[in-house]
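Here's a quick briefing to read alongside the model. Have the sequence and the 3D view open as you go.

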Amino acid sequence: MDRREFLRQVALWSAGLSVSVPHFRIGAALAAESQPSLLTSATGKDYQELVDRVLGPLGGMGKFVRRGDKVVVKPNIGWDRNPGQAANTHPLVVRALVERALDAGAGEVLVFDRTCNEERRCYVNSGMEDALAGIKDNRLKFFHPDERKYVPVDIERGKAVSRLEIYRDALEADSYINVPVAKHHGLSRLTLGLKNSMGVLGGNRGAMHHNLGQKLADLATVIRPKLTVIDATRILLNNGPQGGDLGDVRVLDTLVASVDPVAADAYATTLFGLKPEEIESTVAAYGMGLGEMDLTKIRIIKA
Amino acid sequence: MIFHGEAMKNKKRIPAYYWRRASQLVCLALFFFLFIRTDYSGRDEIEYAVNILFRIDPLLALSASVAAGFFIVLMLPAVVTLLLTLILGRFFCGWVCPMGTLLDGCHTMASPQGQGRERKYRFLKFYLLGFLLVGAWFGLPLAGYVDPFSILVRSLALAVDPALNALATTFFTYTYEQAPAWVNGLTEPLYTFLKATILPFNQKYYDLTVLSLVILLVVFLLERLERRFFCRNICPLGALFAVTARFSLLRGRAGTKCGTCRNCRDVCRMGAIDEERNISPLDCNLCLDCIHHCPGNKISFQFGGLHKNRPTFALSRRSFVGSLALGAALPFFLKSRTLARQADPLLIRPPGALSEEEFIGRCVRCGECMKVCIGNGLQPAFLQGGLEGMFSPVLKARTGYCEYNCTLCGQVCPSGAIRKLALEEKQKVKIGNACFDRNRCLPYAKGIPCMVCEEHCPTPDKAIKFREVVVENSRGEKVSVKQPYLVDELCVGCGICETKCPLPGVSAVMVTSAGESRNPAQALPDTGNTGYP
């Protein structure tokens, strides 16, 4: 089945015309890539400029967003914490990505997250609302997820989970850009790109925590970002994922970007002094052929 | 249709009752505006809150102050209302009260005979007033049960508003899923508009929804008996206004020598005009309808009627004393309940709540804190807090939790039952303590990793921590799991762990009021942890 067929199923199911749950089986896209994964990392104080720099070697935003595309930029806005506390993606990074996607001619750019704390407080306190309010372009849609728009999806390749409720826009996007913040997490040690995809899930997300690593890999068979930009402008070393103590925050002024979601997570892990194999979701996703975790096989460019 | 006075036809002036109607509509609109805006608005400080309505309510001010033993300054505006009543009489009931306006709005429900010229039940409200105030003094504060604003706001917040949202969601979900695209082209923008204006931000769930609704409906259904039945006979706030209006300066004077004309009596919504066409200031709410309907143009309202016409309340002394005695005696029955010895451990009060006795004395059961609670954690108590605690707020952590960075409940509380706290202060108030049920908690009971509670624990130094241990799971395999435990000194009792616990049904982590900082008697044993620096 191809992507078009899948979207047709989603549409039919959403319209109540079909009772069979849409399911994913995109075989070809998962074939091992012959080229080594390319990853860029850049450091700098000016986050707007940093975004351009980190995307440069990957071919710039134009490589990922074509004219008229429906683009989803998916930051982490899960917590009622301010930008300095490193619990959410830095608003300036998100803003720069949105601006580049608009510049590239996106038909619309959607920004949302299903939050853990109260939705409005998260959007405001994270600084996201202020930062995105500065963009006067009606192609930008920054909104709270709508309960009606979660679609049950069969995860055909899933090992630990067989069905998930996923936000419709995330499934329908032509270009899905994942923008996690790199931080500590009690259960999974770190939360990076794969974990950030949980923000498009509906239903009881707590159940994901049982065998979390494999379930995140299963989810990654369905939510396949064209680009992952990991925000390590400041990272949370302890009391994650929401932190709250500035003593746990370290400022790195760094962004990591890759087309390969597993490679991005693997590399970002090293920023914490950990090894990629210590993160279960990275190992599980690598095991399923979703990307590269061996740092020696990743082409890393310091931009 | 009632006969229009000829005198009115000759006048070009706007009929007096138009002003009253305009005032009612403006006040009602303001009330709904404030009601809708009693919500998080993107700022930590609330900009508008409907609590001003409760702060101008002298019944609640009096009752809460009597219970507190001193005058609650927050409710000072109520004095202004009383002073105005001393001048104008029961204008508040006719010109301002949103409940009265809504009742007037459905007066067509009233049966045509139901003009209620008999004053059979008029005295009830005075007994009720006496009972409430004496009860408040002796420790049975019930004014909030029957105060018109409390009934109205509580019922709107706990029943009508959430139901309205459920209705809208159901309808627009149906159109979204079933209707063709062109219909959605109309309905989706409409839904967006409604969400931005009158609908609440998200669906809230409450206890006592049906009971709250029934109480409001009863007030409205009583209109079947006579117009403004509640206002005439039950409303203890109306009773307080009536007592004050007895001395009011502005008095209505009706005609004499009117023959068989009874237009003014027929039209009076309060049944304030007797057979001799005396207008009783105890009942008259200055709606001014009678002026309009008097064919002889004989009715006027004038200042200076002070010395004459000071009507009696027509109370039975025995009954009145009886109601006072009841108010004084009942509280002592409460003191012999088991609740008096051991409070319900699930009675978790909002952060900033005063000690239980003071809290119950001041709480006016308005439902404001529950309406504004963005975590949907505050619920109306049923009997957990005793008979006198019904509709007071409790945190029910399985349904919702107390948002760590939020201080809204203390900001909207009109009587200071929940103190207004600065954020740093609020984050140090302990409203309860979590504990784990190891028979249910997955890492303990099944050897399955979880830790959702730890993830959500909001204190900067997490109150929920974990130990990594090797256990045998239910398949007999040795597995390494992280098992949560609690540091009492760090836990604030917000309940997010209980809300988010992914187990079906009963949570494996539960918050109780143990250790709440407002009650030293509930102190937990010292574990030697330092807690906050």
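Helices (H or I, at least four residues) and strands (E, at least two) are DSSP runs, numbered from the N terminus. On that basis, chain B has 25 helices and 8 strands. This is a predicted model, where local features need pLDDT of at least 70, side-chain atom pairs count only at pLDDT 80 or more, and totals for chains, interfaces and linings use all residues. Residues are numbered from 1 along each chain as its sequence is written, while chains are lettered from A and ligands numbered from 1 in the order in which they are written.

**Chain B overall**
- The C-alpha atoms of chain B fill a box of roughly 100 × 65 × 35 Å along the principal axes.
- Of the 533 residues in chain B, 46% are buried (20 or more other C-beta atoms within 10 Å of the residue's own, with C-beta atoms placed from the backbone).

**Helix α3 of chain A**
- Because 10 of its 13 residues are buried, α3(A) is largely enclosed by the rest of the structure.
- Among those buried residues are Arg95(A), Glu99(A) and Arg100(A).
- Just after α3(A), Gly105(A) takes a positive phi of about 95°.

Methods
A residue is buried if 20 or more other C-beta atoms lie within 10 Å of its own, exposed if 12 or fewer, and partly exposed in between; C-beta atoms are placed from the backbone.
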